Amino acid sequence: MKVVIVGGVAVGATTATRLRRLDETIEIVLIEKNNYISYANCGLPYYIGNVIKDKDDLLVQTPENLKKTFNIDVRLSQEVVSINRCKKSIIVKDLKENNTYEETYDKLVLSTGATPINPFINLPKEKVKTLRNIEDAEEIKKYIKNNNIKNIAIIGGGYIGIEIAENLCNYEDIKVNIIEKSSHLITSIDNDMANFVNKILNEHNVNIILNNGVKEIINKEDSLNIIFDKDEMLVDFIICSIGVKPEDNLAKNAGLMVYSNGGIVVNNKMQTSDENIYAVGDAVKIKNCITEDNINIFLAGPANKQARVVANNICNIKTNYSGSIGSSILKIFDYNLGITGINEKTCNDYNINYKTMIISPFSHATYYPGANILTIKAIYENQTGKILGAQIFGKEGTDKITDILSTAIKMEMTAYDLETLDLCYAPPFSSAKSPINLLGNSIANELEKLVSTITWDEVINLEKDSNVIVLDVRTREEYIVDNYKGTLNIPLDELREKLNELDKTKTYLVYCKTGHRSYNACRLLSQNGYKVKNIIGGYIMYYIR
């Protein structure tokens with residue numbers, strides 16, 4: 001059998017090597033239109049920032065290694081331009097020799113990836129760049145070095161935009177700007193958690209422009225003038241990071257089924273509408289395990305799992321791809337942002353009856369040096385407590401918490417399951433009550449009506465309600481440093497003694513720093529006949545607004 005794979009990077013190469021491990025007799029041809037067959041494209045921003053100094057460190061495999069170790073025929077700088085499904089052949093253009101040839105196949109795998117969206121193609125290519133491959137990264141580094149760049153705009157505040165911004169801050173005397181037309185950066189998270197991202201970027205002097213789309217860019221001799229909806233800005237260089245679109249033209253021109261808004265249609269075996277042609281990675285739409293819709297998920301993890309499914313099925317190992325929940329993590333200077341499952345917007349779009357819980361536990365036992373606060377936001381089904389999504393911001397432990405919650409979501413666990421998970425503990429690593437267990441406890445408390453919760457957005461909307469009193473149960477010292485305006489301050493340790501000073505006709509909205517002391521206050525007050533709600537996330541969530 002002969003298998004031809006179109007596209008390398010990670011997914012094409014993973015498919016090829018899995019095929020070889022399963023069957024020594026298969027003839028495997030791997031065709032890539034760029035100059036590198038398998039590289040870590042997620043590491044490109046760090047190469048630009050000189051964190052990764054040698055581009056060779058980004059290379060996962062070379063053609064020579066793939067030939068020697070796996071007997072794979074790798075062809076670089078060659079582009080597949082058409083597919084003849086009747087003849088089971090492809091036409092390949094050799095970009096160096098500028099000629100074409102025909103190649104037959106028994107099974108064809110499309111790993112064509114995605115193409116960066118760049119609406120500014122009328123501008124000089126050297127001044128406006130996208131980042132998709134090693135060649136792009138090299139050109140960006142070279143242009144910055146050779147042109148005395150002082151002011152850079154990144155258009156698009158997604159994962160890549162944030163990573164590029166952080167790494168450009170490694171250059172001296174360069175002003176970094178991020179332009180995002182939405183209300184907040186990283187649109188896959190909720191607005192309240194995005195405030196953490198803004199705070200860290202601002203602390204590193206990254207200029208953030210939100211709610212301000214780019215209308216036009218005018219090329220001047222020594223600069224680029226960006227015209228916004230509301231104002232304008234002069235910069236020396238632009239990196240366009242507004243997203244990518246599936247590269248599905250090859251499939252579309254071959255008559256394969258594609259979605260009207262982009263992406264190759266595949267079944268759970270990753271087969272296209274032609275049983276002899278498979279597709280993987282950024283080029284396809286896959287099932288979201290929570291909403292069950294087919295969506296684009298441009299992540300390396302799901303793509304590599306799909307590659308294994310393809311290789312298995314070609315070798316008659318019946319394997320299904322179950323879909324993805326889009327788990328990811330992002331480094332932002334000294335902090336990390338973990339994301340898994342769906343956000344509030346998606347819940348509203350799909351009319352899912354949900355609630356949120358925010359807790360801010362420490363990453364490990366506080367008596368062991370180096371403990372840091374983690375802010376964990378969970379989204380769960382209102383009636384069942386099933387976990388639907390989570391967003392985690394902090395330093396150490398962020399990846400661990402994200403991975404555990406990702407597993408919980410994929411296994412359809414509830415808050416009650418989180419309460420009972422046996423998780424490892426030692427003072428340098430966690431607490432006897434893991435943050436995961438605490439999250440389960442907090443949600444279960446609400447499900448069991450031991451406490452009623454409210455968010456800061458809801459609190460602010462009630463500012464003029466004379467029947468509502470905001471109660472701060474932090475210490476006097478904490479209160480003096482900073483507080484929510486018009487707050488009544490009674491430290492938790494004094495609250496029991498001062499119950500007679502409170503009015504049972506009022507509703508008390510209670511907060512502390514993280515939400516733990518305020519929960520204790522709510523239990524005390526509610527059992528004494530007072531109407532109370534706990535402000536989830538504590539004062540931390542108000543402070544970062």
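1. Glu446 and Lys355 form a salt bridge, with 2.5 Å between the closest N and O atoms; the term stands here for a side-chain nitrogen of Lys or Arg within 4 Å of a carboxyl oxygen of Asp or Glu. Because Glu446 sits in helix α12 and Lys355 in strand β25 (residues 354-359), the pair ties together parts that are 91 residues apart in sequence. Helices (H or I, at least four residues) and strands (E, at least two) are DSSP runs, numbered from the N terminus. Glu446 is buried at 10% relative accessibility, whereas Lys355 is partly exposed at 23%. For these words, buried means under 20% relative accessible area, exposed means over 50%, and partly exposed is what lies in between (1.4 Å probe, protein chains only).

2. A word on the model before going on: it is a predicted one, where local features need pLDDT of at least 70 and side-chain atom pairs count only at pLDDT 80 or more, while totals for chains, interfaces and linings use all residues. Residues are numbered from 1 along each chain as its sequence is written, and side-chain values use heavy atoms, with hydrogens and water left out.

3. How many salt bridges does the rule give? The count comes to 23. One of them joins Glu102 to Lys87, where the closest N and O atoms are 2.9 Å apart. Glu102 belongs to strand β8 (residues 99-104) and Lys87 to the loop between β6 (78-84) and β7 (89-94), so this pair links parts that are 15 residues apart in sequence. Glu102 is partly exposed, at 41% relative accessibility, and Lys87 is exposed, at 52%.

4. Glu381 is partly exposed at 24% relative accessibility, and Lys386 is partly exposed with a relative accessible area of 22%. Elsewhere, salt bridges that share partners join Lys2, Asp73, Arg75 and Glu103 into one network.

5. Now to helix packing. Helices α1 (residues 11-22) and α8 (residues 300-314) pack with their axes 8 Å apart and at an angle of about 35°. The axes are lines fitted to C-alpha atoms, for helices over the stretch in contact, and angles run from 0 to 180 degrees between N-to-C directions. The α1 and α8 crossing is right-handed, which describes a near helix turned clockwise from the far one by less than a right angle. On the α1 side the residues are Val11, Thr14, Thr15, Arg18, Leu19 and Leu22, and those they meet in α8 include Ala303, Ala307, Val310 and Ile314. Contact here means heavy atoms within 4.5 Å.

6. Helix α8 also holds Gln306, which is buried at 2% relative accessibility. Apart from residues up to four places away in sequence, Gln306 touches Met270, Val280, Gly281, Val284, Ile286 and Tyr321. Met270 deserves a look of its own: its phi is positive, about 70°, although it is not a glycine. Met270 lies in the loop between α7 (249-253) and β20 (277-279) and is buried, with a relative accessible area of 0%.

7. Which other residue shows a positive phi? Asn50, with phi near 65°. Asn50 is placed in the loop between α2 (44-48) and β4 (59-61), and it is partly exposed, with a relative accessible area of 33%. As background, most residues other than glycine have a negative phi.

8. Two lysines in strands are worth a visit. Lys107, in strand β9 (residues 107-110), is buried, with a relative accessible area of 18%. Beyond its neighbours within four places in sequence, Lys107 contacts Met1, Lys2, Val3, Val4, Glu275, Asn276, Tyr278 and Ile314. Lys175, in strand β13 (residues 175-180), is partly exposed at 35% relative accessible area. Lys175 and Ile152 are 23 residues apart in sequence, with 6.2 Å between their C-alpha atoms. Setting aside neighbours within four places, the contacts of Lys175 are Lys150, Asn151, Ile152, Asn205 and Asn207.

9. Finally, the surface: Tyr367, Tyr368 and Tyr425 make a nonpolar patch of about 360 Å². Patches are built from residues with over 30% relative accessible area and no salt bridge, joining like charges within 9 Å and nonpolar side chains (Val, Leu, Ile, Met, Phe, Trp, Tyr) within 5 Å. The areas come from the Shrake-Rupley method with a 1.4 Å probe, and for residues only the protein chains shown count as cover. Tyr425 lies in the loop between α11 (415-420) and α12 (435-447), and is partly exposed, with a relative accessible area of 41%.
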